[in-house]
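Work through these exercises with the model open beside you. Try each task before you read its solution.

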Amino acid sequence: RRRFPNEPEYLQAVEEVVTSIEDVYNEYPSFEAENLIERLCIPDRIFSFRVSWVDDKGKVHNNMGYRIQHNNAIGPYKGGIRFHASVNQSILKFLAFEQTFKNSLTTLPMGGGKGGSDFSPRGKSDMEIMRFCQAFIAELWRQIGPDTDVPAGDIGVGGREVGYMFGYYKKMAREFTGTFTGKGLDFGGSLIRPEATGYGNCYFLLNMLATRGIDIKGKKVAVSGSGNVATYTTRKLTELGAKVVSMSDSGGSIIKPEGFSEEQLDYIFELKNYYRGRISEVAEKYPDVQYLPGERPWKHVKCDIAMPSATQNELDGDDAQALLDNGVIAVSEGANMPSTPEAIKKFLAAKILYAPGKAANAGGVAVSGLEMAQNSQKLSWSAEEVDDKLKSIMKNIHEQCEKYGKEEGSDFINYVKGANVAGFMKVARAMMAQGVL
Ligand code: NDP
């Protein structure tokens, strides 16, 4: 707090991890002797830079660009790039910190990093996006590489942006390697990567529900967001027989208490993924869908399960209370840190099935890890092969959470503690084995 007083999101993420690993930390005096927590709380390095680019009218704009290389004890830095007006150093530091433990949970050899810019892609033409991506990589390319730091997508960065960044990286570095993941299928991308975070979250949810013998069929699920993670979550939920009762974007939410039809979900998928439309347009097209401008969905529709999949701190203590009052049995986070500390406290006190993002949404980076493996072998695996591996990685993450998070003398699994302790232990052991660096 003394070192980073102006970084609330970063402090929030650190506090959650530090609180839940306290017991194991105290069990091993060597952790304290090595001052491991402090070493882990200061990123290895941070690059920040100006990104100047020219819009279609010839006007010059300047944005901030960042890359946080947080920790590479278990593999090259790995984590997405976010383009959104709200991006700042605190947000990227929290994401890179979380990423380190999440990547450790996947069991694949990946360290933690994150990057991005306060550039907003909304309303920009294709050529403006391309020029921005090229200007961003012109500055960053020297700091990344297939065995150094491997970026991917995140909010505002999908296949199109990764393509432009990869293309420019390839030109500058004069090499064709797997330096980015989330690439197009024609140039080294992996099948199932676009689906992986949303599908992975559903697989994690199934593992959680199984611990209480609950069937997902017919369950009502409130989802937030309508981007990559949210839309593939709704696809898998529909396939599993669940009903999606809400979605949202930064303008507001749409709800339908009896569940959207498949046609409506397909429309939303196309609207958001291909046309970059607004969620309000769904209610304009379908009169049985209600639009709530400026609202988040949680208080407005009854659900059995909530899957926040938009952004950080989008579900606060009051939202959590409303969900619990309406009988929610599980919350599985697609977004990173969507629940505030007050909300998490309520979920844990109510002993519902609550999975933090670093466990539940790890499927995305896991398949990114599989993309890296395919790139270095110069092979590509079938969709079934990747999907099977994703299922088994999510099952394994669930088992690790159970191992470290099961409360003594009860059946309750504290997934926050489980994920943090499991993720931390591996990174800690690797750091100690490699000496003080
Ligand atoms: P997208 O850009 O595809 O979608 C983001 C969605 O969230 C959009 O619907 C967007 O609305 C909404 N949103 C963004 N910012 C806000 C805000 N401040 N308030 C309300 N709504 C907002 O991103 P992703 O789907 O990739 O990412 C969503 C979340 O999942 C993020 O937390 C990300 O870090 C996390 N995540 C993503 C992974 C991936 O593989 N993509 C992997 C693991 C985690 P609008 O269209 O109006 O901007």
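Helices and strands here are DSSP runs, numbered from the N terminus; a helix needs at least four residues and a strand at least two. Keep in mind that this is a predicted model.

**Exercise 1. Compare two loop residues, Ile192 and Lys378.**

Solution. 
- Step 1: start from the general rule. Most residues other than glycine have a negative phi.
- Step 2: read the angles. Phi of Ile192 is positive, near 75 degrees. Lys378 also has a positive phi, about 55 degrees.
- Step 3: Ile192 is in the loop between α6 (159–173) and α7 (193–211). Lys378 is in the loop between α14 (363–377) and α15 (383–405).
- Step 4: count neighbours. Ile192 has 24 other C-beta atoms within 10 Å, so Ile192 is buried. Lys378 has 8 C-beta neighbours inside 10 Å, so Lys378 is exposed.

**Exercise 2. Where does the largest nonpolar core lie?**

Solution. 
- Step 1: size up the core. The largest nonpolar core has 93 residues. Those with the most contacts inside it include Phe204, Val221 and Leu390.
- Step 2: locate the core. Domain 1 (42–176) and domain 2 (195–355) both give residues to this core, so it lies between them.
- Step 3: zoom in on one member. Beyond its neighbours within four places in sequence, Phe204 has contacts that include Ser332, Ala355, Met394 and His398.
- Step 4: note the second core. This separate core has 22 residues, among them Phe119, Phe132, Tyr164 and Met372.

**Exercise 3. Describe how domain 1 and domain 2 meet.**

Solution. 
- Step 1: take the distance. The domain centres, over C-alpha atoms, are 27 Å apart.
- Step 2: count the touching residues. Five residues of domain 1 are in contact with five of domain 2.
- Step 3: sort by class. On the side of domain 1 that touches domain 2, three residues are nonpolar, one is polar and one is charged.

**Exercise 4. Which residues are closest to the ligand?**

Solution. 
- Step 1: take the shell. The ligand is surrounded by 26 residues, and the closest are Gly227, Asp249, Ser250, Ala335 and Gly364.
- Step 2: sort the shell. It holds 18 polar, five nonpolar and three charged residues.
- Step 3: trace the sources. Helix α8 (residues 228–239) gives the most, with three residues. Domain 1 and domain 2 each supply at least three.

**Exercise 5. Check the overall fold of the protein chain.**

Solution. 
- Step 1: count elements. The chain has 16 helices and 12 strands.
- Step 2: A compact globule of 437 residues would have a value near 22 Å; the chain has 21 Å, so the two agree.
- Step 3: check burial. Buried residues make up 51% of the 437.

Terms used
Residues numbered from 1 in each chain as written. Predicted model: local features only at pLDDT ≥ 70, side-chain atom pairs only at ≥ 80, totals over all residues. Near = placed C-beta within 6 Å. Nonpolar A, V, L, I, M, F, W, Y, C, P; charged D, E, K, R; others polar. Domains from an automatic or database assignment. Core = buried A, V, L, I, M, F, W, Y, C linked by C-beta atoms within 7 Å. Buried ≥ 20, exposed ≤ 12 C-beta atoms within 10 Å, placed from the backbone. Contact = placed C-beta atoms within 7 Å. Rg over C-alpha atoms; globule rule 2.2 N^0.38 Å.
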